[in-house]
Amino acid sequence: WEWTPRVVKRFFERTLLKDSYVVCDVAFPYLFNANSEDHVGDSSIESRLYRAVTGEDVSEEASYEVGDMLCTLERAIQVREGRTRDDDVLHDLCFEQTDAAGRRYDRAHLERAKDEYYRLMGWDARGVPTRECLEGFGISDVASDLERRGLLVSQGS
């Protein structure tokens, strides 16, 4: 589970970027290329397509920052609508049966992975984006809205 939060973070960033760039889930990310010698695709193709269409030069890493902001904004909306840490779960089946490799998932490992994922995202232990995180993305109005609703805990609390 120790690698899971980093992978999940990148997965969500890329998923929201694909939706924003309006590219196909089947073809993107272009990570595998059957026609190249090493079979490695081009993970920067989405940002290069964006540059080709808009003329804006956005690096692959900068596009991940946009994906990060979109994940945080989406989470803030979900929190506003009532989502909590308790909603970030896997189906019971994952803990009751073994997978193809003979593993059975452990709920305690999932909770630790959620802690780390929230930390990587700049969210608090409840899975709520912090004011600092939201302001860092230039969306302080979202932080103010969550605070007005009593959903944002100040750092001193």
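Predicted model: local features only at pLDDT ≥ 70, side-chain atom pairs only at ≥ 80, totals over all residues.

Biologist: At what angle do helix α1 and helix α3 pack?

Modeller: Helix α1 spans residues 4-21 and helix α3 spans residues 60-80. They pack at an angle of about 95°, and their axes are 8 Å apart. Angles of 65 to 115 degrees count as roughly perpendicular, so α1 and α3 are roughly perpendicular to each other.

Biologist: Which residues of α1 and α3 meet?

Modeller: On the α1 side they include Lys-9, Arg-10, Phe-12, Glu-13 and Arg-14, and also Leu-16, Leu-17, Ser-20 and Tyr-21. On the α3 side, Glu-60, Glu-61, Ser-63, Tyr-64 and Val-66 are among them, as are Gly-67, Asp-68, Leu-70, Cys-71 and Glu-74. By class, this contact of α1 with α3 holds eight nonpolar, three polar and eight charged residues.

Biologist: Now to the empty space. How is that found?

Modeller: A probe the size of a water molecule is rolled over the atoms, and this shows where empty space is left. In this model the largest pocket holds about 450 Å³ of space.

Biologist: Which residues lie nearest the centre of the largest pocket?

Modeller: Val-8, Phe-12, Arg-75, Asp-88 and Tyr-117 do, out of 20 lining residues. Helices α1, α3 and α5 (107-121) each supply at least two residues of that lining. Its classes are 13 nonpolar, two polar and five charged residues.

Biologist: How much space lies in the second largest pocket, and which element gives the most to its lining?

Modeller: The space is about 250 Å³, and α1 gives the most to the lining, with three residues. Trp-1, Trp-3, Val-8, Arg-103, Arg-104 and His-109 are among the residues that line this second pocket. Sorted by class, the lining has six nonpolar, two polar and three charged residues.

Biologist: How many cavities of 30 Å³ or more are there?

Modeller: A cavity is a set of points where a 1.4 Å probe fits but cannot get out. The count is one cavity of 30 Å³ or more, and the largest cavity has a volume of about 50 Å³. Its lining includes Arg-14, Leu-17, Lys-18, Tyr-21, Ser-43, Glu-46 and Tyr-64. The elements giving two or more residues to this lining are α1, α2 (45-54) and α3.

Biologist: Which element gives the most to the lining of the largest cavity?

Modeller: Helix α1 does, with four residues. By class, the cavity lining has three nonpolar, four polar and four charged residues.

Technical notes:
Residues numbered from 1 in each chain as written. Heavy atoms only, no water. Axes fitted to C-alpha atoms, helices over the stretch in contact; angles between N-to-C directions. Parallel < 35°, antiparallel > 145°, perpendicular 65-115°, else oblique. Contact = heavy atoms within 4.5 Å. Nonpolar A, V, L, I, M, F, W, Y, C, P; charged D, E, K, R; others polar. 1 Å grid on protein atoms, 1.4 Å probe; cavity = no way out; pocket = protein on both sides within 12 Å on 5 of 7 lines; lining within 4 Å. Points joined across faces, edges and corners; volume = space filled by probe spheres on them.
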